[in-house]
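Let's take a walk through this model together, with the sequence and the coordinates open side by side.

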Amino acid sequence: MDWKDAVSEIITQPGSRIRFREPLAKHTHFGIGGEATAYIEISTVSELAALARFHKQWDVPVAIIGRGSNLLVSDTGFKGISIRLVGALAKLEVDGKVVSVGAGLSLPKLSKTMSRGGLSGVEFAFGIPGSVGGALIMNAGAWGSNFGDVVRNVTVMNDTGELITLTHDEARFEYRHSGLDAYFCVTGATLELEPGDADAITAQMQAFYKQKVETQPFAEENAGCMFKNPPGDSAGRLIDISGLKGYRIGGAEVSTVHGNFILNIDNATAEDVLKLVAYIQAQVREKTGVSLQTEVKRLGFDAKGE
């Protein structure tokens, strides 16, 4: 039996679905990328566990792509299974100031729901278009706050389908990094937020969002900040003083609004983006002495990113 026939027998629950030869450009904010051999939306823990075991048994590459907000997919696509968590894996339950949240939930929905309920701690996340799972793995942040700051524990799944609960310390949160990508999948987390005035919390959330819209590109396709901020500095500032705003290769262009964003303005390819990334790194290194490291994840490339 071909693995594509075998995997179809796993995805059977209402709310889950599978498609083959699915263009991943449709599922990323960059709007770039070739086809995945299979694209699966999984709505139950049992199906996810079965897929974890399938992945190990058949040795088929698997990538959890979430909402595709921080992802660059190769022009040749991904020879494997791409997964988005939905349904029961995108749940949200509140008990006082303790919040249980599924990895598939969007950050804007989490932030908005918490502000309405008078819980503070994730206001910064309203303007981040990714999922909770991605925010956990990357310790996403903005405006001086990081997602890991509000995490009590994280639930992950290993490649035998077993669920494991990790403490905050065991998750090993660092700047734009954690130890969670060592597991097959992050399935959710327990957050501890601070009670407060719903109107004040909502006002702060909206102020952050307004500042984001005014200082970062909003309408064009992009994958968020392309580079990590070096210690004590800003990647956007370094790119700006290197004279790179508006620089373009193919259909990819450095934003004129914020230098740490690369925009897909004219059917850019992944190759266009990588050439532009390399050019920015070389110019910034030459003019400032700083080596910028990318923050955006890559899928479907070889070890050299090609």
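There are 5 aromatic pairs in this predicted model, where rings of Phe, Tyr and Trp (its six-membered ring) pair if their centres lie within 6.5 Å, and planes under 30 degrees apart count as stacked, over 60 as edge-to-face and the rest as tilted. One of them joins Trp143 and Phe208, a stacked pair with 5.8 Å centre to centre and 5 degrees between the planes. Trp143 sits in the loop between strand E9 (141-142) and strand E10 (145-146) while Phe208 belongs to helix H6, so the pair ties together parts that are 65 residues apart in sequence. Helices (H or I, at least four residues) and strands (E, at least two) are DSSP runs, numbered from the N terminus. Phe208 is buried, with 18% relative accessible area, whereas Trp143 counts as partly exposed at 31%; buried means under 20% relative accessible area, exposed over 50% and partly exposed in between, using a 1.4 Å probe and protein chains only.

Tyr247 and Tyr279 make another stacked pair, at 4.3 Å centre to centre with 10 degrees between the planes. Here Tyr247 is in the loop between helix H7 (235-241) and strand E16 (248-249), and Tyr279 is in helix H8 (residues 270-288), so the pair ties together parts that are 32 residues apart in sequence. Tyr247 counts as partly exposed at 32% relative accessibility, and Tyr279 counts as partly exposed at 28%. Elsewhere, Trp3, Phe54 and Trp58 form one aromatic cluster.

Which residues of H6 are buried? They are Ile201, Met205, Phe208 and Lys212. Looking down the axis of H6, these buried residues fall within an arc of 60 degrees, so they line one face of the helix (the arc is that of the directions from the helix axis to the C-beta atoms). The buried residues of H6 pack against helix H3 (107-116) and strand E8 (119-120), with contact meaning heavy atoms within 4.5 Å. At the start of H6, a side-chain oxygen of Asp197 comes within 3.2 Å of the backbone nitrogen of Asp199; a polar contact is a pair of N or O atoms within 3.5 Å, where within protein one must be able to donate a hydrogen and the other to accept it, and residues adjacent in sequence count only if both atoms are side-chain atoms.

With 19 residues at 1.5 Å each, H8 should span 27 Å, and its end C-alpha atoms are 26 Å apart, which agrees. Its buried residues include Val273, Leu276, Ile280 and Val284. The buried residues of H8 pack against several elements, among them H7, E16 and strand E4 (71-73). Just after H8, Gly289 has a positive phi of about 80 degrees.

Now for the cores. A nonpolar core is a set of buried Ala, Val, Leu, Ile, Met, Phe, Trp, Tyr and Cys residues joined through side-chain atoms within 4.5 Å. The largest has 52 residues, and those with the most contacts inside it include Ile81, Leu110 and Leu191. Helix H2 (residues 45-58) supplies the largest share of this core, 6 residues. Leu191 touches residues including Val99, Leu110 and Phe147, not counting those up to four places away in sequence. A second, separate core of 24 residues includes Phe30, Met226, Ile280 and Val284.

Note on methods:
Residues numbered from 1 in each chain as written. Predicted model: local features only at pLDDT ≥ 70, side-chain atom pairs only at ≥ 80, totals over all residues. Heavy atoms only, no water. Expected span 1.5 Å × (residues − 1).
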